[in-house]
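Here's a quick briefing on charges and contacts in the model below. Have a look at the structure first, then go through the points by topic.

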Amino acid sequence: MSAPDTAAPPRPAGTGPATPAPPAGTDFRASLRVAHLVHRGTVRTTGIVLLLAAAVVFGLYLWQRLAPDRERCRGFYGRMLSADEVEALNACTGASFGYAEATTWYGLLSADPAFWLFVPVLFAAALAAGPLVARELESGTFRLAWTQAETPRRWLTGRLALFAAVAVAAGVVLVGLFRFARATSEQWPSAWPNLGTFHALGPVLVAYLLLALAVGALTGLLLRRVLPAMAVATLATGGLLALLHQLRPGLWPTESAAWRFGAWPLPGHASVVDQGMLTSAGERVPTPESLCTREWDKRYECLRENGYVGQWVEYHPASHVWPLQLVETALVLGVTAVIALLALRALRRLAP
């Protein structure tokens, strides 16, 4: 008796080879897992850097609080000193690892905070442009992923989603560290409108990190070379930071004040947007650049002789910090969404 025929029935003509079923786990979560496996070193390094940043902030804080000469030296600041007190202050400032040195180092975290903005944001742009996107395109390893039942769109969105989560977590940590350092520093902190200070006070820093990722991804897809993509992404992100910094004063209605010469009714920590002079007829005009500048102590008298009676100013008070934060965050996220869509279009041209 012959063996049973186990051959598959013939396939209808014109149907071509059978398409293999996609392996299990090819959903978006699988793309996230693959992205994490490929870039887990970068994720871990980012976590280590954040831990080191926290260690530096809290270490300097403890140094400031526990310095042995703290009680003796901190009373010299903020008042006029006698000759003996000046000599004692010089001894405090010259002491190694003392209160004065600790306060100086800790004060740098809040007095000159531009690095809270530029370092993480520009690093995120370079990371997304180079190691995250352009490296795989330059080396050709993306083809392996695209032949393993992972679509190009899922390949890109999986990587961006992973690092977007990392960026959000990093931004929250950095904002918390900056606000803690600013609140506990015993030096005069940087004013809130300053570059870096405003960004590190709230959610706008997180939005800029996401913007940097989108810019980096678009640049990596367009250039497909690691070093050029990193350089261009860094420059483009820096340009967007400068542009949006210039747009900020117009994101929320300003307040107005006018006064006669000799007064200054503005509250502390106000951000001046525009200012000028008041004429005797009540007209607001720009401040004359070269008028009455030779004798500063007689400037008001000179200005009155030329028909000016006071000053006016348009400004943002400190109460506008959060409205400006929220509006700028929404604006930056909108720009991020547009750039992300452009990145998907660039990917479609790469892999139609």
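Let's start with Arg153: at 44% relative accessibility, this residue counts as partly exposed (buried means under 20% relative accessible area, exposed over 50%, and partly exposed in between, with a 1.4 Å probe and protein chains only). Keep in mind that this is a predicted model, where local features need pLDDT of at least 70 and side-chain atom pairs count only at pLDDT 80 or more, while totals for chains, interfaces and linings use all residues. Residues are numbered from 1 along each chain as its sequence is written, and side-chain values use heavy atoms, with hydrogens and water left out.

**The positive patch**

- Arg153 sits in helix H7, residues 152-184 (helices are DSSP runs of H or I with at least four residues, strands are runs of E with at least two, and both are numbered from the N terminus).
- Which helix gives the patch its largest share? That's helix H12 (residues 321-350), with three residues.
- Arg224 lies in the loop between helix H9 (204-223) and helix H10 (226-247).
- Arg224 is partly exposed, at 34% relative accessible area, and has a positive phi near 60° although the residue is not a glycine.

**Salt bridges**

- How many salt bridges does the structure hold? There are three, each being a side-chain nitrogen of Lys or Arg within 4 Å of a carboxyl oxygen of Asp or Glu.
- As background, side chains of opposite charge can pair when their charged atoms come close.
- Arg159 and Glu136 pair up through their side chains, at 3.0 Å from N to O. Arg159 belongs to helix H7 and Glu136 to helix H5 (residues 114-139), so this bridge ties together parts that are 23 residues apart in sequence.
- Arg159 is buried at 2% relative accessible area, and Glu136 is also buried, at 6%.
- Arg248 and Glu328 form a salt bridge of 2.6 Å, N to O. That pair links distant parts of the chain, 80 residues apart: Arg248 is in the loop between H10 and strand S1 (255-260), and Glu328 is in helix H12.
- Buried or exposed? Arg248 is buried, with 6% relative accessible area, and Glu328 is buried, with 0%.
- Arg284 bridges to Glu314, with the closest N and O atoms 3.3 Å apart. Arg284 is in strand S3 (residues 284-286) and Glu314 in strand S4 (residues 308-316), so the bridge joins parts 30 residues apart in sequence.
- Arg284 is partly exposed, at 39% relative accessibility.

- Gln64 has its place in helix H1 (residues 28-66) and is buried, with a relative accessible area of 0%.
- A polar atom of the Gln64 side chain lies 3.1 Å from the backbone oxygen of Thr184.
- Thr42 is found in helix H1 too, and is partly exposed at 22% relative accessible area.
- Thr42 and Leu132 are 90 residues apart in sequence, yet 9.4 Å apart in space, C-alpha to C-alpha.

Terms used:
A polar contact is a pair of N or O atoms within 3.5 Å; within protein, one must be able to donate a hydrogen and the other to accept it, and residues adjacent in sequence count only if both atoms are side-chain atoms.
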